[in-house]
Amino acid sequence: MSMNHIRPWRHIERRKSRQIHVGNVPVGGDAPIAVQTMTNTLTTDVAATVAQVQAAAEAGADLVRVSVPDEASAKALKEIVRESPVPIVADIHFHYKRGIEAAEAGAACLRINPGNIGDEKRVAEVIKAARDHNCSIRIGVNAGSLEKHLLEKYGEPCPEAMVESGLDHIRILQDHDFHEFKISVKASDVFMSAAAYQQLAEATDAPIHLGITEAGGFVSGTIKSAIGLGQLLWMGIGDTLRVSLSADPVEEVKVGFEILKSLGLRHRGVNIISCPSCARQGFDVIKTVEKLERRLEHVKTPMSLSIIGCVVNGPGEALMTDVGFTGGGAGSGMVYLAGKASHKMSNDQMVDHIVEEVEKKAAQIEAAQGAAE
């Protein structure tokens, strides 16, 4: 339950955007911020791509993007869409016909890059296909592929050039009476991305898809994305997001959810609050948290768990969590339930016991929610 009414410093006022649909997923308005990732298998390898889509969906992805670089991929997309548990966004570059084919194959959204999709006539054909097949569009502006005339005008990629590109293509869609679109203005530079998104948010009421493109490997990309996306989300900007990592798509989903969970914008699974550990710890905090993260991946119910090595901060953190464990002495620690000290548990049995307590609490939460409905 939100406590923002008594903690106003936690309140985020989301930007007012109009709502569209990507398949059955509402985007914008008061809809939850959607988490997206992208497959990195060959699209023509249907089995591998579907397996990756399903793994991402199981991790919490609301949408999954699939690259459609050639005609064979467009043909494979039809089967991928049929077997996917979530709406599929088709990633289109260079050849507008792939966009038409993807819409015909059942894609829920077409991601087109204004800088390389072709002239307005070709974009118009893609718009017609999207309308005919109840498909939305994402205008995907990227600092690395801006139109030539904008680079000549501004001298280099910059926020102003990115926003101008996006607004130009919004006008094309609107001139063709097409309004089921969202927009992104991505760059690998955190400063450029943040500035572009802030300008874009003031210039349009379209739903905004957030991302720091080509952010890097798991650690560096996570940090860049947390800084760039985190500040924008904190400002209320963003209706969907993708964390772009040189890593497994499942990791992108996990990081995206953690960013949203840290800001109280989405709640899914167990939020583990743990200390970095020190010489005072009564058990191996780092290894314990690693085990618990793996063992609790199956829990989707939003709840909190504190794992603190000693009594300096342990009891205080446990007051704010559903389940907690604080290290003590003589090979045991204290288990907290609903913020109150409950019972002691030996360190060698704590992981299994905490998993049981979390599962029990999750069942109670689910039962209470079911009764309320």
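A contact here means heavy atoms within 4.5 Å. With that cut-off, 63% of the chain's contacts with a separation of 6 or more join residues 24 or more positions apart. The model on screen is predicted.

**Whole chain**

The chain holds 12 helices and 15 strands. Its radius of gyration is 23 Å, close to the 21 Å that the globule rule gives for 373 residues, so the chain is as compact as a globular protein of that length.

**Surface and interior**

Then colour by burial; of the 373 residues, 51% are buried.

**Helices α8 and α9**

Now select residues 218-234, which form helix α8, together with residues 249-262, which form helix α9. The two helices pack at an angle of about 35°, and their axes lie 10 Å apart. The crossing of α8 past α9 is right-handed.

Keep the pair and show side chains at the contact. On α8, pick F218, T222, S225, A226, G230 and L233. On α9, pick E251, V255, I259 and L260. Colour this set by residue class: the contact of α8 with α9 divides into 6 nonpolar, 3 polar and 1 charged residue.

Terms used. Residues numbered from 1 in each chain as written. Predicted model: local features only at pLDDT ≥ 70, side-chain atom pairs only at ≥ 80, totals over all residues. Heavy atoms only, no water. Axes fitted to C-alpha atoms, helices over the stretch in contact; angles between N-to-C directions. Helix = DSSP H or I, 4+ residues; strand = E, 2+ residues; numbered from the N terminus. Left-handed = near helix turned anticlockwise from the far one by under 90°. Nonpolar A, V, L, I, M, F, W, Y, C, P; charged D, E, K, R; others polar. Rg over C-alpha atoms; globule rule 2.2 N^0.38 Å. Buried < 20%, exposed > 50% of the residue type's maximum accessible area, 1.4 Å probe, protein only.
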